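Here are some short notes to read beside the model. Keep the sequence and the 3D view open as you go.

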Amino acid sequence: MRFYFKNSALFIIFSSTLCAFNLELKNSETIVNIGGRVELNTFMSSPDGSHNAQIPIDSIEKERHLTMSASSSRLWLKTRVPSKYGVIRSIIETDFNGVKGTETNTNSHNLRLRNAYIQVGNWTIGQTNSAFNAYITTDIILTAINDTFVRQPLIRYGAENRSWRYDISFEQPETTLLDSNAKVITPKDDIIPDIIARILFFEPWGDIAFSAMGRYLNQNRATLSDDTQLQNSDSALAWGLNFSAKLKVFKRNDIRIAYHYGDGMGRYLSYDAYPAGYINNDGKIETQKSFGGHIAYCHWWNKELKSTVALSYSGTKNNSYFKDNDDVNKELVSSQLNLFWLPIQNSLIGIEYAKASRTVESGKKGNIEIVTLMMRYNF
Amino acid sequence: MYKFSPLKKSRGIPQDNCKSIIVKINIFVKDYFFMIASKKMLKTKFLLITTLLLTGCSSKIDTLQQDTEHKKNSNEFKIIMHELSYLIYDTSKSELEIDNIRRRYAFTLADKIQNLTLQTTGIPEEMLSNISFSQYIQQLNTQGKELQEIAKNYELEKLNSKIDAIKRTCTDCHDKVRSYK
């Protein structure tokens, strides 16, 4: 049995006679890697809020708030074992962004499952990042306001060589609909997985990723937010497209862009800022269009210092029923500027200024400014 | 009558080589001699001079090309190693996804190493034998193959130490080149 420590050339060979503990593995050829991340984030936000669809509306007079948290620290365990189908790899990855601990005394944030999946041959099975996610992300501390990020159970088939990769993925469906009370409901009547196809190109001048998604929204005697139970069923087809790219310019610097558009894309965009569609009091589903994009320029000052300036946007076209509503999101805009420093290997220190705004259907707007200091060490 | 054209492509020298000032001068000189020779009908002498010049020039061009290609590959090599070091930036990808990226970089590095080891044909023979460059080439070639095996078998915990070893080989070889010059 071999026991590796991540990023180390050394490995320790344990034998049951020498060890003070037993590590029970199902295969003598299994290689276990344990690693993790210690991270401290310090946020100074004005007003108190977060950089997503929860930006407070018309809150100019509210005070600043300083928060510190180590809940983004992670722990992961990976295994690798040869088999007749190729190398079988698995991972269980957690962080501490589960149930939030109180800041008053102990900050006892709970463990949360991030990834749990295996990869064997061309197959990926388990919970991990959706194939619809923008593959090319931007080096910023707070996620871009238009982020297309979903992590869910899936079955994925993929193939790759050195310059391209393609995937087809069957992922957990979840219909999110806005009812006439301006509340999002999840009918839990899904019957077909979300189907996503993705293709990636890796070229010397940069990377390109493109994904397309088809999904089936369904409600069968769903319960609305006011506890009214519908007596009918309805369904709708929805789709989304996601394009992201990194173009290398001037030595190590690069420009990163992303664009997403879809009808009924819903929860896949901006962390569920917009629903996939509207459900009226008769149970009829109408999908709604949503869209977003970002552009970022990453500049290396030297081998250790790097900055990114990023602009991001996302929006939706809500049903006219919500024209004067204060609770229904219309658009999100953000700009970010940061400086990262790589002081030693596997460590990262970054400071970032972000300014974002949220506009709701009634036209009301909320702004937020956040300064974030992040200190990270991977072990 | 021959028309004087310093950068005429049909002279048998690829247009890409014209980027270098030395190459441009060489072409200019060749064309100049061709023009003189045509005027005076001294074809035999002209052919002799041109042949001598072309031999000298092409040798110089090859060395320059070799040097440029080596530098280009070395720079790309450095950029890939730098990119590997800042994968820590990514916050959304899982560790296995990051391993996949590292694996792809490892394959690319292995390819670059293969290119680098193939590009030694332009180095003068006496240089190769005098300071044992062939040993470095062999060592780098072996390390490239080992890197490829690491990537193939997903043994990515060995990646950093292998890259460090490759860096040492490159540095030692470059130091010897400097001392030789």
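1. The contact draws 22 residues from chain B and 31 residues from chain A. Two residues are in contact if their C-beta atoms, placed from the backbone, lie within 7 Å. On the side of chain B that touches chain A, the elements giving two or more residues are helix H2 (43-85), helix H3 (95-118) and helix H6 (159-180) of chain B. H3(B) gives the largest share, 6 residues. Helices (H or I, at least four residues) and strands (E, at least two) are DSSP runs, numbered from the N terminus.

2. A word on the source. This is a predicted model: local features need pLDDT of at least 70, side-chain atom pairs count only at pLDDT 80 or more, and totals for chains, interfaces and linings use all residues. Residues are numbered from 1 along each chain as its sequence is written, while chains are lettered from A and ligands numbered from 1 in the order in which they are written.

3. Now chain B itself. Chain B has 6 helices and 0 strands. Of its 181 residues, 15% are buried. Buried means 20 or more other C-beta atoms within 10 Å of the residue's own, exposed means 12 or fewer, and partly exposed lies in between; C-beta atoms are placed from the backbone.

4. Turn to Leu224(A). Leu224(A) sits in the loop between strand E14 (206-220) and strand E15 (233-248) of chain A. Why does Leu224(A) count as buried? Because Leu224(A) has 20 C-beta neighbours inside 10 Å. Beyond its neighbours within four places in sequence, Leu224(A) is in contact with Asp179(A), Asn181(A), Ile185(A) and Leu230(A).
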